[in-house]
Amino acid sequence: MSGLATQEMDLPPDPGAGVIGLNNVTKHFPGVIAVDNVSLTIHAGEVHVLLGENGAGKSTLVGMLAGLQEPDDGFLALAGNRARLASPVASLDAGISTVFQHSMLVPTLTVFENLILGAPWYKRPNRATIEQRMGALQRDFALSLPLDAITGELSLGQQQQIEIARALLRDSRVVILDEATSMLTPQGAEELGARMRKLVQSGLAVIFITHKLSEAYRFGDRISVLKQGRLAGQLGPERLATLSEDQAIDEIVQLMFGRDSGGGDAERRQTSCTDEVLLDVVGLETEGGADVMGLHAISLQVRAGEILGIAGIDGNGQKQLAEALAGQRPVARGRVQLQNNTVTSANVAERRRMGLRYLTDDRLGEGSIGAFPISDNTVLKDVGEPPFWLRGIERPAQIAQHARDLIQHFQVRTPNETTPIGRLSGGNIQKILLGRELLGNARVVVFNKPTYGLDLQNIEASRQRIGEIAAAGKGVILISTDLDELMALADRIIVMEGGRIRGTLDNDGGGEALRLRIGRLMAGEELEQKATA
Amino acid sequence: MEALLTEAFLSSLLTGAIVAAIPMLLAGLGEQMSEKAGVLNIGIEGMMLMGAYLGFFVAFQFDSIWLGFLGGIVGGMLVAVLMAVLCVRLGLNQIVIGIGLTLGVEGLTALLHHFQFSRTYPRLPAPVRADLPLLSDIPVIGPSIFSRHPIVYIALLSVVVLAYLYRRTNLGMTLRAAGESPAALDVAGGNVEGVRVFSVLFTGAMAGLGGAYLANVGAGLFIPFMTGGAGFIGIVLAMLARGRPLWVLIGALIFGAALSLTTALQVAGSNIPTDVIQMLPFAAVMLVLMVFGRKARLPAALGISYERGAR
Amino acid sequence: ADVDTIAVLTPEQGSDFGWNQQGVDAARAAAEATGVEIIVAEGLGYGDVRAPMRELAAEGADLMLAHASGYNTAGPEIADETGVPVAIVDSPEALKAGLVADYTLSGHEGAWLAGRLAAKMTTTGTVGIVVSGEPPSWNSQSAGFAQGVQAENSDVKILYSVIGPAAYSDAAGGNRVTTSVIAAGADIIFGQGNGSSFGMIQAVESNKATDGSDVLFIDVIGDKSSLDKGHFLTSVVWDMTPVYTAMIEDLKADKFGTRSYAISLADDSVKLLKTPQVDEVAWGEVMAMRDQIVAGDLSIEPIFDAQAVRDLVTVSE
Amino acid sequence: MSMADDIETSETASVQVAVMRRRPALRVAMLTLGPILAAFVLSAVILMLVGVDPLKYYSYILQRGLFSGLGLEQTATRMAPLLFLCASLIIAFRAGIWNLGTDGQFLLGAVIAAATAPLLVGVLPGWLVLLVGFVLAALVGALWSILPALLRAYHGVNEIITTLMMSFLGVLFASVLVKLVFLDPATTVPQTRTLPVADRLPRLFDTSISSGLIWGLIAVIAVHLMMTRTAFGLRLRMVGANPHAAAHAGLSVPLLTMAVFALSAGFAGLAGASEILGVAGNVRADWNPAYGLMVIPLVFLARFHGIAAIILVFFYSAMLIGSESAARRLGVPQDFTLVLVASLLICLGLGEYIDHRMRQKEQ
Ligand SMILES: Nc1ncnc2c1ncn2[C@@H]1O[C@H](COP(=O)(O)OP(=O)(O)OP(=O)(O)O)[C@@H](O)[C@H]1O
Ligand SMILES: Nc1ncnc2c1ncn2[C@@H]1O[C@H](COP(=O)(O)OP(=O)(O)OP(=O)(O)O)[C@@H](O)[C@H]1O
Ligand SMILES: [Mg+2]
Ligand SMILES: [Mg+2]
């Protein structure tokens with residue numbers, strides 16, 4: 001704690017200069033200007049929210065502050081003095097700690113080791129000091145961590161706490177959190193918000209990146225909006241104080257997209273559900289393991305034109321369910337029936353041929369092959385099939401044309417179809433995968449977190465497409481951690497917890513009451529228990 | 001075959017096992033550090049060979065076997081510097097560069113040997129033995145294990161030192177982080193390149209020492225291609241040891257024993273054809289791989305070069 | 001036929017104090033003795049030797065000495081193809097008038113004498129044979145040595161060990177195996193190997209026998225006594241000069257390819273080397289036996305088969 | 001370990017090559033010829049250190065390996081097994097499998113071809129004898145990779161160690177087979193029966209060039225087209241670049257992995273057969289030309305591209321032939337070619353890095 005107090009003393013006398021200043025910073029990448037002449041000031045005692053659509057340049061800004069990249073033009077200033085952050089070490093020395101969007105912990109090390117990672121190699125780790133300081137953090141920020149646990153075995157939320165703890169242990173002046181809430185439950189996000197508040201109260205500056213506008217409003221003191229690399233506008237503390245949440249969001253959306261959002265929360269979709277059962281799952285079970293959740297007694301039905309939502313905190317078997325349905329995960333017991341055909345033992349390719357599609361949430365890991373051009377990636381699941389292959393021989397012109405059509409139809413932002421897909425932003429990769437799944441004779445489509453990490457505009461477009469799919473008489477399973485999304489799209493919502501179905505609810509548009517019931521189920525409460533209680 | 005289990009058989013088995021195990025142990029320990037830090041150091045065979053050559057050259061020129069060991073270490077590290085520059089700094093493919101360096105060193109040392117020693121075949125004096133007091137008097141075990149060249153004890157000691165280093169020090173932690181998640185180490189302020197370069201140089205030093213042992217203690221002179229795959233065996237030992245120096249030692253001893261068994265069985269008058277016996281050690285490794293192979297978890301970033309900010 | 005140039009081809013450098021050196025040195029000596037030019041092609045490896053042979057033929061060699069058993073398939077083929085006579089080893093059946101002659105060399109008589117000497121001088125009652133491989137000419141010497149030891153004293157144990165894969169240059173392997181054999185009781189080592197012999201010598205120098213005495217080494221083919229540090233007992237030295245000289249003479253007389261050539265104790269093309277370590281009395285007795293062999297009173301049959309060698313040395317009590 | 005990432009980098013590298021093509025010819029020439037020149041200079045320095053005139057040495061090699069009729073014939077003949085090995089490695093590397101066991105597969109293929117073909121002469125028509133030899137060699141080569149393949153495909157055991165170990169084992173086993181099983185009873189030297197010169201692969205025209213060259217060229221080009229132009233090839237590359245994506249796309253990663261091993265090892269077996277049925281005629285115990293490891297740098301320098309590999313193999317063979325001759329004339333051991341190849345690898349690597357940096361600077 002004492003460390004944090006002295007930190008405050010060290011702060012520059014001139015608050016106008018801010019802790020960090022970005023002065024006309026520009027960063028080019030092949031073919032794009034990622035950051036274009038941006039000037040920003042980060043003030044101590046403020047949560048500074050960065051907003052912007054996919055590819056707007058937020059991560060690039062973070063990269064420059066974290067010492068991963070250097071600006072091509074313009075310069076950074078620390079406490080008003082021009083400075084270079086040429087490496088992560090320089091950034092850390094300047095008191096900037098970054099919690100990246102993707103975990104930057106070593107999974108095989110213990111929590112303690114991750115906390116002291118980066119210490120000089122010749123120093124003996126001083127356990128007592130760390131323990132003492134962790135005690136202080138627990139008091140001040142409710143951060144409590146098992147020091148000797150293996151990091152990889154902890155939940156994502158706990159892992160994020162380690163990163164935050166690490167930032168605090170370093171006596172930082174600035175803490176950067178890049179899309180830190182996308183992995184968290186609503187409660188987790190709230191806790192993080194409270195922590196950020198405490199941090200700024202103790203005199204630090206926080207930079208917070210999110211795609212969720214209400215979070216920006218609730219947690220932020222100052223909001224900067226980036227658009228295609230440029231600073232589109234800023235809402236300072238004084239201005240924010242005068243706005244209600246809705247007003248603020250309207251204004252932000254205006255800045256981000258240059259148009260009106262069309263009314264805050266998404267409207268609930270008109271249902272198109274029929275009686276025809278397309279997918280019938282009975283008593284499905286899969287083997288669990290040390291780091292995978294097993295499924296128990298999963299039974300569900302999807303009808304033509306129906307969107308079946310699956311809610312649950314990340315890691316409660318949703319992914320396993322999607323994989324078991326797609327044929328990617330062996331089924332221990334139970335039966336899967338697709339339009340009267342039992343497909344329990346069919347493999348991925350056979351199920352796909354019968355019209356079962358699966359959009360993975362792991363875009364880079366399994367959804368695409370980063371080094372391959374976009375064109376190959378658009379036909380990855382149809383290798384050998386006409387019209388792209390004839391008797392096993394590739395027809396490059398056909399594939400290229402198909403890729404160009406897909407790029408155009410889904411408005412993928414890319415130089416051309418020969419670009420390796422790994423170079424696109426997450427959102428644009430997602431569009432290509434979406435396009436790929438909708439190709440041909442889909443009957444039932446399983447979406448796993450289809451809008452995760454997308455910006456508002458793309459989220460809206462994607463949700464629209466999912467609705468269209470259902471309207472076209474196909475069955476949809478929509479797995480999402482975002483309750484708003486489920487409540488906007490789904491006809492029924494299944495809640496999973498611990499690899500089981502905890503309950504199935506009709507989406508009656510019940511608003512807060514429904515949200516609350518889902519929340520209870522997500523926490524593991526059984527429907528019946530609640531009824532008897 | 002009745003003659004198995006005689007004192008002669010056991011002595012020759014143990015003696016041979018230790019003598020054969022030491023170079024592989026040194027190589028395996030060296031390789032282990034590289035692998036921990038995420039560098040698959042296939043060039044280790046070349047480092048050993050260079051160590052053997054320079055180790056012998058220096059020992060011969062300065063008439064000092066100890067200077068020779070130093071020379072071996074330097075020789076191994078010279079090749080390691082190339083490996084570090086090409087694979088760690090410049091991020092070139094580790095397997096291909098490793099093989100390339102090994103081939104290059106084979107050619108270079110054969111060339112140098114040809115012009116320097118191939119007419120005269122100078123040899124070093126027989127190396128001294130260090131008898132460990134008391135221990136060396138135990139029958140069978142004593143002369144086999146406790147009456148060897150000091151390098152043998154140094155190699156055994158380094159197992160303990162390394163085990164301590166990996167478990168208890170920041171360096172050990174940094175090494176593991178570099179092999180498991182270099183990006184995480186980098187953003188935490190660690191020096192990925194530095195620690196990887198260090199590990200590669202250490203591998204060079206250990207491999208060079210192993211090579212120098214082969215030349216100076218093992219043979220008393222340098223012969224082209226004399227390492228004959230000991231470095232590759234070191235790679236296998238390191239991969240099977242799951243990061244533990246003790247397991248490298250155990251592996252090296254088992255491998256040494258298998259090699260030595262080929263001699264011991266022959267000495268015992270076994271009638272199995274020699275060529276078949278000689279397949280034993282390799283068959284043993286394959287067996288181990290079949291049984292335990294799936295458990296040989298390797299560092300996640302092994303063999304992958306790290307470039308800041310790239311994905 | 002006119003012979004003005006011969007060529008000798010060896011797998012390794014002709015400076016190994018062994019097989020290759022003997023081949024090159026003898027070919028030079030024979031060339032000098034018969035007044036012809038010589039092309040030395042050394043270090044050709046154990047792979048495909050056809051390319052250098054074709055080239056030598058094109059360069060005008062009138063006779064090619066293919067001095068490695070690995071060359072005895074390529075040799076006759078190239079002789080057929082180019083018409084240049086080729087001499088090969090270890091292939092007594094391959095004779096072809098005017099084109100192919102064989103010189104299968106066996107030092108088994110010399111090795112037999114060495115065996116007798118070793119059996120006389122061992123103090124532990126155990127001797128060792130260490131070889132880096134099992135080519136026929138080495139087998140015959142191993143067998144000869146073993147027979148000699150047994151003829152002298154059937155109580156002396158003979159340990160036999162082959163070093164291992166690609167062991168010709170495995171000096172460390174030579175050391176390791178020899179160390180093991182010494183640990184198992186041998187105090188005299190009969191060693192055959194190219195690069196690996198140096199490892200054997202190192203082991204002999206750095207280990208004491210189980211009874212505390214010095215270990216002695218018996219070498220073959222070459223004369224390494226210039227490298228000796230007091231541990232050489234003897235060497236079964238070969239000299240191929242008479243063989244090569246006879247070949248050149250036969251070629252000139254158009255008789256090439258009608259007979260095989262061999263080395264023997266009689267013309268000293270196989271002989272034992274005397275070192276300071278040799279016991280004078282024993283040496284005298286062994287030399288007497290040599291004379292008996294030369295006189296034909298004693299004859300030793302060569303054994304070329306590896307399994308037969310192992311049957312000889314296997315201690316079966 | 002995911003070697004896939006390595007392959008991925010090489011995939012991007014080949015993308016870079018494509019990019020390079022669009023850049024000024026002069027620069028490309030500089031970036032290719034520069035390093036090659038540097039490699040030769042570096043090797044020249046080493047030659048000078050040991051007292052050999054490098055100019056004399058190089059011109060001798062060129063003259064012997066390339067510019068003399070005899071030399072060119074020998075060069076062409078030497079290419080055959082190397083080409084088959086290139087085919088083997090191109091499949092493996094493009095599919096993300098590090099098959100470092102080609103030496104063992106090569107030798108066992110050679111042994112089986114040498115063991116069977118001479119026995120079949122006279123029983124079967126000549127072309128069928130050769131065909132049987134080649135087919136058996138491919139099967140045996142593939143068989144020898146089955147353990148590493150199973151371990152990799154079903155247990156994820158890294159193939160680098162398993163193939164290396166199987167290679168060591170295979171080399172020994174080949175020797176055992178020659179000494180104990182397929183021994184030619186007519187010779188004292190342990191070797192297989194010899195396929196008569198007349199029954200070997202026919203020679204081309206009036207030269208001593210073995211027609212194995214043609215088959216080797218066909219193999220490399222066929223493999224190149226398979227890997228780049230067919231659905232099967234793309235499937236294999238998918239498995240190599242991202243096995244999770246391949247599984248997600250419905251491919252059977254284990255089966256395809258097995259296929260890669262079988263094909264790669266099969267071609268290594270063919271390489272052995274081409275050497276025996278085309279040139280050597282028999283296998284001697286302890287024979288091991290160790291081409292396998294040697295070809296790896298070449299295939300890599302060729303960026304897994306078939307045509308580039310053929311060109312490199314041609315120059316490398318010329319160098320081998322020339323240096324065999326130079327060994328005798330100039331007293332430089334053949335091992336020097338290893339130095340030259342290693343310097344090439346290092347210099348081209350450095351060149352690529354410099355190019356990479358230069359392009360980064362430009363942006
Ligand atoms: N390493 C890079 N190489 C090439 N282009 C890059 C690189 N990093 C970023 N870019 C480009 O810079 C632009 C801005 O990227 P940045 O990651 O900053 O976006 P972002 O605002 O973080 O987007 P998102 O909301 O998707 O996270 C992108 O359009 C991208 O094309
Ligand atoms: N190695 C690279 N080469 C080229 N472009 C890159 C590279 N790395 C990142 N980029 C660019 O950086 C941009 C942002 O990438 P990143 O994956 O960070 O997006 P993101 O911030 O996760 O986006 P989203 O919010 O959509 O998930 C992309 O538009 C991409 O084009
Ligand atoms: Mg981003
Ligand atoms: Mg992002």
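Biologist: Which residues does D186(B) touch, not counting residues up to four places away in sequence?

Modeller: D186(B) is in contact with L68(A) and P88(A), and with V192(B), Y306(B) and R308(B). Bear in mind that this is a predicted model.

Biologist: Is D186(B) buried or exposed?

Modeller: Buried means under 20% relative accessible area. D186(B) has a relative accessible area of 3%, so it counts as buried. The residue lies in helix α8 of chain B, which covers residues 182-187.

Biologist: How should I read the arrangement of the chains?

Modeller: Start from which chains touch. Chains A and C do not touch, and 38 Å separates their nearest C-alpha atoms.

Biologist: How many helices and strands are there in chain A?

Modeller: Chain A has 20 helices and 22 strands. Of its 533 residues, 54% count as buried. Take next the contacts in chain A between residues at least 6 apart in sequence: 67% of them join residues at least 24 apart.

Biologist: Take one helix, α17 of chain A. How far apart are its end C-alpha atoms, and what span should its residues give?

Modeller: The expected span is 1.5 Å times one less than the number of residues. Helix α17 of chain A has 16 residues, 456-471, and should therefore span 22 Å; its end C-alpha atoms are 22 Å apart, which agrees.

Biologist: Which residues of α17(A) are buried, and what do they pack against?

Modeller: The buried set includes N458(A), I459(A), R463(A), R465(A), I466(A) and I469(A). The buried residues pack against helices α15 (396-409), α16 (426-437) and α18 (483-489) of chain A, as well as strands β13 (307-311), β19 (444-448) and β20 (475-479) of that chain. After the helix comes G473(A), with a positive phi near 90°.

Biologist: Which residues other than glycine have a positive phi?

Modeller: Two cases will do. Q339(A) is not a glycine, yet has a positive phi of about 50°; it is found in the loop between β14 (333-338) and β15 (341-342) of chain A. With a relative accessible area of 28%, Q339(A) is partly exposed. D268(C), also not a glycine, has a positive phi of about 65°. D268(C) is in the loop between α8 (241-252) and β11 (270-272) of chain C, and it is partly exposed at 36% relative accessible area.

Biologist: Where is P387(A), and is the peptide bond from P386(A) cis or trans?

Modeller: P387(A) lies in the loop between α14 (374-378) and β17 (389-390) of chain A. The bond from P386(A) to P387(A) is cis, with omega near 5°.

Biologist: Which members of the largest nonpolar core touch the most other members?

Modeller: They are L177(A) and M238(D), in a core of 280 residues. Beyond its neighbours within four places in sequence, L177(A) has contacts that include V99(A), I164(A), L192(A), M196(A) and F208(A). A second, separate core has 70 residues, among them Y244(C) and I293(C).

Biologist: What lines the second largest pocket?

Modeller: Its lining has 34 residues; T108(A), K36(B), R176(B), R242(B) and R244(B) lie nearest its centre. By type, the lining comprises 13 nonpolar, six polar and 15 charged residues. Helix α4 (111-116) of chain A supplies at least two lining residues, as does each of α1 (7-36), α6 (150-168), α7 (170-180) and α10 (230-240) of chain B. The pocket has a volume of about 1200 Å³.

Key. Residues numbered from 1 in each chain as written. Chains lettered and ligands numbered in written order. Predicted model: local features only at pLDDT ≥ 70, side-chain atom pairs only at ≥ 80, totals over all residues. Heavy atoms only, no water. 1 Å grid on protein atoms, 1.4 Å probe; cavity = no way out; pocket = protein on both sides within 12 Å on 5 of 7 lines; lining within 4 Å. Points joined across faces, edges and corners; volume = space filled by probe spheres on them. Helix = DSSP H or I, 4+ residues; strand = E, 2+ residues; numbered from the N terminus. Nonpolar A, V, L, I, M, F, W, Y, C, P; charged D, E, K, R; others polar. Buried < 20%, exposed > 50% of the residue type's maximum accessible area, 1.4 Å probe, protein only. Contact = heavy atoms within 4.5 Å. Core = buried A, V, L, I, M, F, W, Y, C linked by side-chain atoms within 4.5 Å.
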